[in-house]
Amino acid sequence: MTSARRLLIDANTTPFYHVINRCVRRAFLCGEDKLTGRSYEHRRGWIVDKIKALSAIFCIDICAYAVMSNHYHLVLKIDVDKAKSLTQKDIISRWCQITKGHAVATKYMNGDALIDGEAMLLNALLAEWHERLSSISWFMRCLNEEIARKANREDECKGAFWEGRFKSQALLDEQALLACMMYVDLNPIRAGIADSLQSSDFTSIQERVNALNPHSNAPQLAKTTADNLQQIPHKALAKFDGSTLQNQQTGIPFHFADYLELIDWTGRAIRLDKKGYIDNQLPKLLNELGISPDAWLTSAKEFRRQYSGISGRWDSMCEFKKQHNSGKWCKGKASSQALHP
């Protein structure tokens, strides 16, 4: 049985979440339909452009993404500090970039005096909009609604485009975050449609690698189409800040050089046809976190199947379930203990 999002997403427990959404009836999100020969490759750009635009509006950072043929993965971070710092005008300005807002908010922004009833209404709206601007559910709603409308319009059809609401996993600690990001970034390599990080199109790792080499010949992200352009600045991916102290985190709690070393090693290991995949020299992060190579590679291949709506230390997962009344049992005890020796 599915659980309410308020039981699965709690920024006070962890700001990091893995979300996934899949097309209905195996419809093509992107790629090429072999039966008709029709290409839907441009739709990958729709996803990447939209998540970047929404990230600039919402207090939500993008840690990792992968856009596949009929589904996509995101690893998101709720920026609690940014949300707390928003002024009333910030809230209105941001919210009105994705909705029509409200007449009383427009009146306030214009500097006009508000009567008591209008002031009370504005305060209620501000509280509601403020909460939504750090809500993954609203982020995903804005993303999926636009993609569905554009795809249906292009396909000249009506009805559901996504098979259901998005699925989410709370990532409770560094090991869970690292394993999930690796799982997402290596999707094309694991699926056999790419043989290197540079050729893993429409993934965050390709974007990060290309940023290190601006003269790379790797395919560039699709540009936003004219009907999708809203004059909204695109936000860069969340940065690796190297801090493992939760109260000092401003980004991803690893150094990018260490992450790049680990993902290159992992990508070679899960592609048995790649020369040099066996390497006795373990990456720095595996040694620091005490994770065995076998447990790590299993996680890189099967992370989503190993857990349900939560990933982390076994005791933390059970406590999360207990606090949020989201089920009587946890999934992934063996996998959790392997990643958290």
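Helix α8 (residues 174-185) and helix α11 (residues 256-270) pack at an angle of about 55°, their axes lying 11 Å apart. The model is predicted, so local features require pLDDT of at least 70 and side-chain atom pairs count only at pLDDT 80 or more, while totals for chains, interfaces and linings use all residues. Residues are numbered from 1 along each chain as its sequence is written, and side-chain values use heavy atoms, with hydrogens and water left out. The chain contains 15 helices and five strands; helices (H or I, at least four residues) and strands (E, at least two) are DSSP runs, numbered from the N terminus.

- The axes are lines fitted to C-alpha atoms, for helices over the stretch in contact, and the angles run from 0 to 180 degrees between N-to-C directions.
- α8 and α11 are therefore oblique to each other; angles under 35 degrees count as roughly parallel, over 145 as roughly antiparallel, 65 to 115 as roughly perpendicular and the rest as oblique.
- The crossing of α8 and α11 is right-handed; a crossing is left-handed if the near helix is turned anticlockwise from the far one by less than a right angle, and right-handed if clockwise.
- On the α8 side the contact involves L178, M181, M182 and D185, and on the α11 side Y259, L262, I263 and T266, where contact means heavy atoms within 4.5 Å.
- By class, the contact of α8 with α11 holds six nonpolar residues, one polar and one charged; Ala, Val, Leu, Ile, Met, Phe, Trp, Tyr, Cys and Pro count as nonpolar, Asp, Glu, Lys and Arg as charged, and the others, Gly among them, as polar.

**Packing of α10 on α11**

- Helices α10 and α11 pack at an angle of about 120°, with 12 Å between their axes.
- This angle makes α10 oblique to α11.
- α10 and α11 cross in a left-handed manner.
- I205, R208, V209 and L212 of α10 meet F256, Y259, L260 and I263 of α11.
- The residues in the contact of α10 with α11 comprise seven nonpolar, no polar and one charged.

**Packing of α4 on α6**

- Helix α4 (residues 88-95) packs with helix α6 (residues 116-132) at an angle of about 65°, and their axes are 10 Å apart.
- α4 is thus roughly perpendicular to α6.
- The crossing of α4 and α6 is left-handed.
- From α4, the residues Q88, I91, I92 and W95 meet L122, N123, L126, W129, H130 and R132 of α6.
- The contact of α4 with α6 has six nonpolar residues, three polar and one charged.

**Loop residues with positive phi**

- Most residues other than glycine have a negative phi.
- E156, which is not a glycine, has a positive phi of about 55°.
- E156 belongs to the loop between α7 (136-155) and β4 (167-171).
- The relative accessible area of E156 is 75%, so this residue is exposed; buried means under 20% relative accessible area, exposed over 50% and partly exposed in between (1.4 Å probe, protein chains only).
- F202, also a residue other than glycine, has a positive phi near 60°.
- The loop between α9 (187-191) and α10 (204-212) contains F202.
- F202 counts as buried, at 9% relative accessibility.

- K239 is placed in the loop between α10 and α11.
- With 63% relative accessibility, K239 counts as exposed.
- K239 touches G251 and I252, when residues up to four places away in sequence are not counted.
- From K239 to F256 the C-alpha distance is 8.3 Å, across 17 residues of sequence.
- D315 is part of helix α14 (residues 314-324).
- D315 counts as exposed, at 54% relative accessibility.
- D315 and K333 are 18 residues apart along the chain, and their C-alpha atoms are separated by 9.3 Å.

**Cysteines**

- Zero disulfides are found in a search of the whole structure; a disulfide is a pair of cysteine sulfur atoms within 2.5 Å.
- C23 is buried, with 2% relative accessible area.
- C142 is buried as well, with a relative accessible area of 16%.

**The chain as a whole**

- Of the 341 residues in the chain, 49% are buried.
- Among contacts in the chain between residues at least 6 apart in sequence, 70% join residues at least 24 apart.
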